[in-house]
Amino acid sequence: MAVEDLTDPPAAAGFVFISDESPGCLRAATAGMRVTLPVFTPPWIVVDHALERVLVTSWPGRLFQVRVAPPKTDGERAAMARAAEGLTSHAGFTRALAVDVLAELSPSVLFGPRGDAVLRVIEAASALDEKRARALEAAGRPAAGEEYGKAWDRWLAGQPNGAPYRNQDHAGTLSIPGAGPSGSPIGRGFSLIWKMVSAAARERGGAGSFTLDEDGDQILADPWETALGALLDAAMALGAPHLMDRDAGTVLTAAWTTVFGPGKHAGTGAPPG
């Protein structure tokens with residue numbers, strides 16, 4: 001079966017990310033099959049027209065390239081019209097009743113050319129426990145935050161609308177959607193890492209894993225907050241090495257290498273100490 005060009009899919013084609021939170025009919029998808037909603041009511045199948053548009057709200061998941069199946073009956077056409085209500089030609093996605101699954105892709109393509117490396121950081125974030133969080137906190141380098149911000153500025157320099165966001169404090173920045181299509185040097189990878197660390201802190205952390213900021217919003221407390229920063233640093237260095245020199249890359253990956261370097265598995269390998 002031929003696979004469509006991933007860089008410029010036709011308007012009726014695109015991508016669907018499927019996780020445990022997706023409808024059951026989607027979770028059973030495989031390449032070569034047609035997936036159809038059991039009833040033509042929301043939630044619809046959302047087909048993003050470009051990889052940069054794909055939302056990853058939970059992990060793990062599977063990524064499919066699909067083509068929207070055209071309606072055949074008056075009832076299907078009416079349902080498609082309802083699904084399209086409120087969408088403009090620039091929406092970037094289509095709401096569908098049924099899709100033909102063209103191919104299954106590695107989710108790594110969502111996180112840039114070095115997405116496989118970013119996936120390792122995402123998996124480590126998902127499996128993080130308090131022992132590893134404290135190891136990441138202890139192994140970090142103070143200069144990492146500055147280098148992370150410099151990498152963001154270099155990325156912004158190449159974005160169509162990046163100028164207004166340059167020369168700002170980008171410590172802890174996860175995404176700048178207004179700067180360019182991908183929102184970050186590794187797509188939505190930073191946001192997913194934050195989500196995974198937050199989930200790990202809730203599941204495996206103690207009572208003090210979260211605190212309140214000055215606005216009364218709940219935020220991560222140490223060691224989870226510093227561990228999050230170390231994983232964001234590593235994802236930047238491993239996923240976008242072109243944005244820094246070798247010395248900066250070493251600084252950004254210092255904590256990662258100490259805790260998850262060669263011989264240490266992100267899910268089961270114990271950190272030093």
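**Charged pairs and helix packing**

Tutor: Arg 77 is partly exposed, at 41% relative accessibility. Keep in mind that this is a predicted model.

Student: Which side chain does Arg 77 meet in a salt bridge?

Tutor: The bridge has an N to O distance of 2.8 Å. A salt bridge needs such a pair within 4 Å. The partner of Arg 77 is Asp 74.

Student: How are Arg 77 and Asp 74 placed in helix α2?

Tutor: Helix α2 covers residues 74-83. Arg 77 and Asp 74 are three residues apart in it, so their separation is about one helical turn.

Student: Is Asp 74 buried or exposed?

Tutor: Its relative accessibility is 59%. Exposed means over 50%. Asp 74 therefore counts as exposed.

Student: How many salt bridges are found in the whole structure?

Tutor: The search covers the whole structure. The number of salt bridges it finds is eight.

Student: How many residues apart in sequence are the parts tied together by Arg 34 and Asp 100?

Tutor: Arg 34 and Asp 100 form a salt bridge, with their closest N and O atoms 2.6 Å apart. Arg 34 lies in strand β2 (residues 34-36) and Asp 100 in strand β6 (residues 98-105). The pair therefore ties together parts whose separation in sequence is 66 residues.

Student: Which residues form one network with Lys 150?

Tutor: Start with the bridge between Glu 147 and Lys 150, at 3.8 Å from N to O. These two are three residues apart in helix α5, so about one helical turn separates them. Salt bridges with shared partners join Lys 150 into one network with Glu 146 and Glu 147.

Student: Is Glu 147 buried or exposed?

Tutor: Lys 150 is partly exposed, at 35% relative accessibility. Glu 147 has a relative accessible area of 17%. The cut-off is under 20%, so Glu 147 is buried.

Student: Which residues of α7 make the contact with α5?

Tutor: α5 passes α7 in a left-handed crossing. From α5 come Ala 144, Tyr 148, Ala 151 and Trp 152. By class, the contact has six nonpolar residues, no polar ones and one charged. The α7 residues are Leu 232, Asp 233 and Met 236.

Student: Are α3 and α6 roughly parallel or roughly perpendicular?

Tutor: Helix α3 (residues 115-126) and helix α6 (residues 189-204) have axes that come within 7 Å. The axes cross at roughly 20 degrees. Angles under 35 degrees count as roughly parallel, so α3 and α6 are roughly parallel.

Student: How many nonpolar residues are in the contact of α3 with α6?

Tutor: The crossing of α3 past α6 is left-handed. Val 121, Ile 122, Ala 125 and Ser 126 in α3 meet Leu 192, Ile 193, Met 196, Val 197, Ala 200 and Arg 204 in α6. One residue is polar and one is charged. The nonpolar count is eight.

Conventions:
Residues numbered from 1 in each chain as written. Predicted model: local features only at pLDDT ≥ 70, side-chain atom pairs only at ≥ 80, totals over all residues. Heavy atoms only, no water. Left-handed = near helix turned anticlockwise from the far one by under 90°. Helix = DSSP H or I, 4+ residues; strand = E, 2+ residues; numbered from the N terminus. Contact = heavy atoms within 4.5 Å. Nonpolar A, V, L, I, M, F, W, Y, C, P; charged D, E, K, R; others polar. Axes fitted to C-alpha atoms, helices over the stretch in contact; angles between N-to-C directions. Parallel < 35°, antiparallel > 145°, perpendicular 65-115°, else oblique. Buried < 20%, exposed > 50% of the residue type's maximum accessible area, 1.4 Å probe, protein only.
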